[in-house]
Amino acid sequence: MKKLIKNWYLIVAAGIFLFAALVLLGAGESSIISVHDNLDLFIAQFQMLKNTDSFFAHGVDVPFLGGISRDNLPSEFSLYTMLFFLMPSYYAYVTGYLFKIVIGLGSALLLAKDFCGEGYQKYRPLAWMTGLAYGILNVFPAFGIPFASIPLIVYLVRRLYRKPSFKWYAAVFFYPLLSYFSYFGLFILGYMVISLLWLWVRDKKCPLGILFGIMTLAAGCIVFEYRLFGVMLLGEEETIRSTMEAGSFGAGEIVKTITEVFTRGMFHAESVHTRLVLPVCLLYFLFLNISYLKNKNFKGIFHDTFNLLMLVLIFNSIVYGIYYWEPFRKIVETICPPLTGWQFNRTVFFSPFAWYGAFFLVLKRLYDREGKSAFFFAAFKKVSAGEGTLWRYLANVLAVAAVFVILLSGTRYNDLYYTCRAKAYELLKGKQSNDLSYEEFYSVSLFKQAKEELGYEGQWSAAYGFHPAVLEYNGIATLDGYLGFYGQDYKEDFRKIIAPALLRVPESREYFDTWGARAYLYSGSELSIVAAVRDYQVADHDIYVDVEAFKALGGEYIFSRIELSNGEAVGLDLTGTYREENSPYTLYVYSCK
C-alpha cells in the first residue's frame, strides 16, 4: 500500500489514459468527435486517399475540388498519416489521440529529467502530472502529435548543445515524422537560430552542435515533407494564397488581440491556462521579481528561466497580434514572396508548451521552497512541516488540479468530454444528444445505398446542407471542398457556381473572396446552413446556384440535406430520396437537366 501511495502519480496517469482509451474505443464510432477543422477536413481527406489508393502515389490527382494534386495533401512520411494508411479511419483517429498523450508525457519526462539533472527523482510526481496535463491538451487534432512532441525537440537541442553525437543528430533528422513543417518546423528552425545567436554571444564561441542540428533538421523536413516543398518552391500555379486577406486591425484591436491570446490562447492551441495555470504563473512572476528587486539582484531577473518562458509567451502573443497589422505583413511577403498568405502568427502554437513549462517551474520551486523570504510564502512558513512537506502537497494538488481542469473543460476539441456527456445524456434522458456521432456524421451505409441506386461511377458532385467532406469520405468526387492551398483559377471558376448566393449575402461573399479555403455551396439567405446536429432546420429551402457553371466544371449531382423548393426552376431534377435507420440525414439527390 505504501508503494502505491508513493507512486500515486503513476496511478493517476495510467487511470486517465485507460479511461480515455476505454471510452473512445468502447464507444467506437458512436463517439462525439469534433467537426471543425477535423471531420470536415483531414479525416475525410485521409479516407479519400485510402479510397483511391493514393497515399504513396505520384503524379495523380485526388477527386475533390475538381481534382487537385496528391502533393497538396499531407505527406505519407508522417506518423499521423501512417496511422490512417494502416488502420480504419476512426481507430486511426483514436490511436493518434492516445499517441499524442504518450508522446506529450514521454517528451515532457525526458526534458524534465534533463533539466533537473541528478535531482530529477525528487520532482518525478510534478514531471508526470504536468507532462500528463500537456499531453491531454485538446489542441488541433490533426497536429496533436506535433504539439505533443515540442518538448522532445527542445530536449534534443539541449543534448546537441551539451554533447553532440550521431544518435542525437539522427533523432533530429527523423523528428519531422512527428511534426509538420508549415505549422511547426519552420518556427522550430527559427527558434533554433535565435538560440544559436544568443548562445554564441553568451559563450563567445559558435555552438556548433546547434548549428549542425539546424542543418540536420532542415534536411529532415525536406526529405519527409518533399511534397510540400515541391509544391511551395517548384510549383508555378498561382494559388488562393495570393488573394487571401487576413484583415487589417487598428492599434486598439491589435492590443486587444494580443491580450486575449495571452490570457485565453486560441482555439487551435487551447492550453486551458486561464483558470489555474495563468493565475499561478502571474502571481509567481510578480513575487519572484519583487524578491529580485528587494535583493537588488537585477541580473537574476534577466537570467531566470521562468522569466524567459514568460517572455516567450509575450513574444508569441505580440506576433499573433502584429500579424493583423497589414503593413508589417506586407514587409514579410515582400522579403519572401513564397510566404504570401502564410500565417506567421502560428508562433502561438508554442505557447501551450511555454505555459506548462512555466507552471512546472513554479511547482518545482514550491518543492524547493525557493523564494521563502517573499511575503507570498510567509503565511505557510509557520505551519510548514519537516522537509517542506506542505509545500509539496500544495504543488501536487495544483498539478493534479491542472489535469482535471483540462479533462473537464468543454473546449472545442475535447472529444472525451463530449462523448461522456452524450452517453450520460442518453442514460439520463433516454434519447440521443443533438450532436452527431462520428458514424452519423459520415453515414456510410446511407451513401452506399444512394450510390448503388444511382449507379454512381465517379461523377463530379457537390454537397448542400452538409460538409463536402461527407461525400469525400464516402468515395464521391466533389467539385467543392475545404483546403487552404489550391489553384486561384479554380477558385474563380467555382465562384461562378455560387455567385447567385454570394450576391445575396455580403458576409458570405467577403468570406469566400478574401479567404476561399471553404469552396462550398452557400445559402442565399443564411450565413451558414452546414450544421452537424440532429434537429437540422433551415428557413429557406431555395438553392442559389448557377447550374450551367456547375455543369461547365463537369458537375452532375448535388447531394442535399435540404429538399429544394426551387430545384426545377434552377435546372435540377430530384433523382432520389434516401433514408437509413441509423442516419440522421434525409438525403435528396439532384441531377442537372
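Predicted model: local features only at pLDDT ≥ 70, side-chain atom pairs only at ≥ 80, totals over all residues.

Reader: What is a salt bridge, and how many salt bridges does a search of the whole structure find?

Author: A salt bridge is a side-chain nitrogen of Lys or Arg within 4 Å of a carboxyl oxygen of Asp or Glu. Searching the whole structure turns up 19 salt bridges. Take D71 and R227: their closest N and O atoms are 2.6 Å apart. This pair links distant parts of the chain, with D71 in the loop between β2 (68–69) and α5, and R227 in helix α13 (residues 226–234), 156 residues apart.

Reader: Could you show me another pair?

Author: The side chains of D114 and R162 meet in a salt bridge at 3.5 Å, N to O. D114 sits in helix α6 (residues 89–116) and R162 in helix α9 (residues 150–162), so the pair ties together parts that are 48 residues apart in sequence. D114 counts as buried because its relative accessibility is 10%.

Reader: Where do K423 and E426 lie?

Author: Both are in helix α22 (residues 415–429), three residues apart, which is about one turn of the helix. K423 is partly exposed at 28% relative accessibility, and E426 is partly exposed at 32%. Salt bridges that share partners also join R70, D71, E76 and R227 into one network.

Reader: Now for strands: which strand is joined to β3?

Author: Two strands pair if DSSP finds at least two bridges between them. Here, five bridges join β3 to strand β6 (residues 555–560), and the two run parallel. Within this pairing, W460 stands opposite G555 in β6. Strand β3 (residues 460–464) is mostly covered, with four of its five residues buried.

Reader: How should I read a surface patch?

Author: Patches are made of residues with over 30% relative accessible area and no salt bridge; like charges are joined within 9 Å, and nonpolar side chains (Val, Leu, Ile, Met, Phe, Trp, Tyr) within 5 Å. Accessible areas come from the Shrake-Rupley method with a 1.4 Å probe, and for residues only the protein chains shown count as cover. In this model, F56, F77, F85 and L86 form a nonpolar patch on the surface, with about 390 Å² of accessible area together. L86 belongs to helix α5 (residues 79–86), and L86 is exposed because its relative accessible area is 62%.

Reader: Which residues form the negative surface patch?

Author: Those are E237, E238, D489 and E492. Lys and Arg count as positive and Asp and Glu as negative, while His and the chain ends are not counted. The place of a charge is taken as NZ of Lys, CZ of Arg, CG of Asp or CD of Glu. E492 is part of helix α26 (residues 488–504), and E492 counts as partly exposed at 43% relative accessibility.

Definitions and conventions. Residues numbered from 1 in each chain as written. Heavy atoms only, no water. Buried < 20%, exposed > 50% of the residue type's maximum accessible area, 1.4 Å probe, protein only.
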